[in-house]
Structures are given as structure tokens and as C-alpha cells.
Amino acid sequence: MGQKAREERKSGFLKGAFIIALGGFVAKGIGALYRIPLTNLIGGHGIGLYQMVYPVYCLLLTISATGIPSSIAKLTAERIGKGQSDEPIFKTALKLFLIIGGVGALLMCAIAPFLSGAQGIREITVGYFALAPSVLLVSAISVYRGYFQGRNYMTPTALSEIVEQAVKVALGLPFAYLFRGDVARAVVFLLLAVSISELIALFVMFFFRKRARNRGLIAHGHGDSVRAREILRLSVPVTFSAMLIPLSGILDSVLAVRLLSKYASDSVALYGLFSGGAVTIINLPVSVCYGIAAASVPSVAQAQAKAEKSGGKANVRKKIFFSLGITALVSAPSAVGLYFFAGPIAKIVFRSLRAEELAILTELVRVFSVSALTLSLVQTLSACLTAQGKPKLSAISMLIGVIVKTLVYVVLLQNPKISVFGLAYATNLCYLIAFLLDLIYNIIVSRKSKEKGK
């Protein structure tokens, strides 16, 4: 009976990981294909303008939303593992993060003129305004996603991600075509399309929860109340860890562009090739592996909660290494494929680029391909630390990685022969450092869990 239960849990983990991975793959695939006609319509400079706004959006989005799914999933799975009601978590979290998301949206509008001025491109100020509602909307979406993931119900997350991309493409391409003669204006409407896509995705999540309640899959009882402080205690470190990458992106959009401008005729386009080109391609396998990270949270959290409740031997470490193994099994071949087929992939996704731009992008993808493996592993290991209630450790790992990355590319970008490739080398080093530290932390923390469970 015990063996059968273990096989069912493993099957549930793989099913949940597959559903989110499939959703992420389809969503990222749509997004990658979207870049083909989009680049053709607005060109490399337009993509560069688009990427100038996006890092700021990602930062505020991370503050208001990125830390939510894993932390809510952890708390939900923990309650389920202890046989308690999980409804209070959803209700408290939704109220809390709607407030935080609203503040984030207002903050984005407030700092938009200053950021566009610092970036030296005043015409993108309105783009920040168009994108600001997304910060609020994704905050709500992320609470729904975390709640469903904690219940090991991954379909809503997968479908909402696909809907986001589909709506963005359905609106973005007509906008880009309509305003193709005015690149700055086209970028503003492209960013507006993102906000509209998030609104539709929120409706999708609301529909899933309503249907689940009508079918009796979600209890109507209130259960024990949950304080916002309890949610924030876990969410804040997770959010800080996640926000380091977009925060680094904002710094890159200012510092790297200015360093490149000392010898490059179009530093914005060069930066766009890395952040909007190479990063987009590398993130495809990483997004697929997000399903494994998302499924790891309830798996590890429930194992830990049951061990603490029963006083039995914890098998947390086995679940961590199982998740890590599956992640490597998917991401390692992807990294190898990206290295050897960088040219064809870049040409397919960004075929409208000029020959010299395509050559730069191809080499960037080849240099950056290793990060498809290391970032995927970091993603999974960070989720496992969150599931064990130690998100601060993953935040420390990423902080160290980002600091090293910035110091390294500031030196490398001084050399015109290295140019934008210095940014790729430095980012590779960042993710490698974060991976090694997260691996060490997981081994230490899981060992303590095992000793505690004896």
C-alpha cells in the first residue's frame, strides 16, 4: 500500500509538472513566434525600445506578484498536508496582494518620467503608463495560480499563460501594423496589449475557481483564519529573490547601454539583441522547466508537513533530487541544442533582422546557451528552498550572483572586441554561482529536516 501511494504521488508530481511545462512551452512558443512578425514591423530599434520598458515592468511585477505563486502554494500544500482548510489563505492573500499590486501600478506611473529620462528616451514614458495596470492584474492572477498549484491543480496556470500570450499576439500584431510608421507609438500600443491580455487571463482564473466551487472541489467552510503577516513572512524573501533578476535588468538597461554607446552606433539595438533576442530564446526551455519547479513546491512542502505531523522519517531530500534530476533531463539537452543550432533558431525566430544583427544574435545565443541549464536548475532549487520555508537562502544566492555579474560586465563591456557578449558571459556566471549556492543550501536544509523527522 505504501509503495502504491508513493507511485501515485510521483505520478501526480509528473502530471502537474507536465501540464505547467506544456502550458509554458506553448505560451513561450507563441511569444517567440510573435517576435518574428513583430521585429519585421518595428525593427531592431523598436524591439530595443520595447525592452527598455519591460525590465521596469518585470521588477514591479515581481514585487507584486512573482513571489506569490510559490509562497501561496507552499502555505496551501502545508495546510492540506496537515489536514486543515486552505480557504482562508486564498481570501487573505487576494486582499493583501490586490493592495500591493495597486500600489505597484501607481508607483510605475509615478516613476515613469524619471526612468525614461534616465534611459535617455523620453518617448517611452507613455509606454510605462500603458503597462502599469498589468502590475495590479498579475497580482490577482498570481494568487489564483499559487492557490491552485498548492492543491496540485496545474491546469488553470497552464491555460492562463497560454491565454495571456494569445491575446497579446492577437492585439499586438494589428497595433504594430497599424502604427508601423511611428515606432514609439507602436511600442506604446504593444505594451497596452499586454495589460489587456492580463485582464482576460484574470477572467480565466476566476472562471476556474467558480467552476471548482460549483463542483464541490473547493470547500465553502472558512476554517482557521490566516494573518497577512504569515503570508508576507514567506512571500517577502521569495519576492526579493525573484526581483533581483529584473532589478538587474533595469540596471543593465541603463548601465550596459551607456557603456556600449561609447563605441557602438546603436547601443539600444545591441542591448535589444541580448535582452529581447538571446534572453527570449533561452527562456523557452527555462519556462518549460518552470512546471517542475511549480510542482516541487507542494510535493516538498507536503512531505515536510507530514513528517513534522507524524514524527516519521522525512523524505524531503529524495523529492528535491528527483525534481532536480527531471529538470536536468529536460534542460541539459535544450542547452546543447541551443548551442549547436543557434543559427537556425535565431534565423527562424528573428528572420527579419539584418545579416550583421543576426550574426551577433546567433553568437549571443551560443554563448548564453549554458544558462538554459543553470537557470532552470536555480529555478527548481529555489522552489525547493521555498517549500522548506527557507526562501531567504535563495535570495542570498541570487544577490551574490547579480553582484558578481554586474562587476564582471562593467569590466568586459569596456572592451569593444567583447562588446555585448560581455553581458552574456557575466550572466552565465551569475546563474552558475546561484546554482552552486542553492544546491549547497538544499543539501544542508534537507539534512536538518531529515534529522528533525527522525
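Tutor: Let us start with a term: a residue is called buried when its relative accessible area is under 20%, exposed when over 50%, and partly exposed in between, using a 1.4 Å probe and protein chains only. By that rule K405 is buried, with a relative accessible area of 7%. Keep in mind that this is a predicted model, in which local features need pLDDT of at least 70 and side-chain atom pairs count only at pLDDT 80 or more, while totals for chains, interfaces and linings use all residues. Residues are numbered from 1 along each chain as its sequence is written, and side-chain values use heavy atoms, with hydrogens and water left out.

Student: With which residue does the side chain of K405 meet in a salt bridge?

Tutor: Side chains of opposite charge can pair when their charged atoms come close. A salt bridge is a side-chain nitrogen of Lys or Arg within 4 Å of a carboxyl oxygen of Asp or Glu. Here the partner of K405 is D252, at 2.9 Å from N to O. This pair links distant parts of the chain, since D252 belongs to helix α7 (residues 228-260) and K405 to helix α13 (residues 391-412), 153 residues apart; helices here are DSSP runs of H or I with at least four residues, numbered from the N terminus. D252 also counts as buried, at 3% relative accessibility.

Student: How many salt bridges does the structure hold?

Tutor: There are seven salt bridges, and another of them joins the side chains of E87 and R209 at 3.0 Å, N to O. E87 lies in helix α2 (residues 87-119) and R209 in helix α6 (residues 183-214), so this pair ties together parts that are 122 residues apart in sequence. Both E87 and R209 are buried.

Student: Is R354 buried or partly exposed?

Tutor: R354 is partly exposed, with a relative accessible area of 49%, and E356, with which R354 forms a salt bridge, is partly exposed at 47%. Salt bridges that share partners join R354, E356 and E357 into one network.

Student: Which residues have the most contacts inside the largest nonpolar core?

Tutor: In soluble globular proteins, nonpolar side chains tend to be buried together. A nonpolar core is a set of buried Ala, Val, Leu, Ile, Met, Phe, Trp, Tyr and Cys residues joined through side-chain atoms within 4.5 Å. The largest one here has 91 residues, and those with the most contacts inside it are L191, F274, L361, L364 and M398. Helix α8 (residues 267-310) supplies the largest share of this core, 14 residues. A second, separate core of 24 residues includes I68, I89, L96 and V204.

Note on methods
Helices (H or I, at least four residues) and strands (E, at least two) are DSSP runs, numbered from the N terminus.
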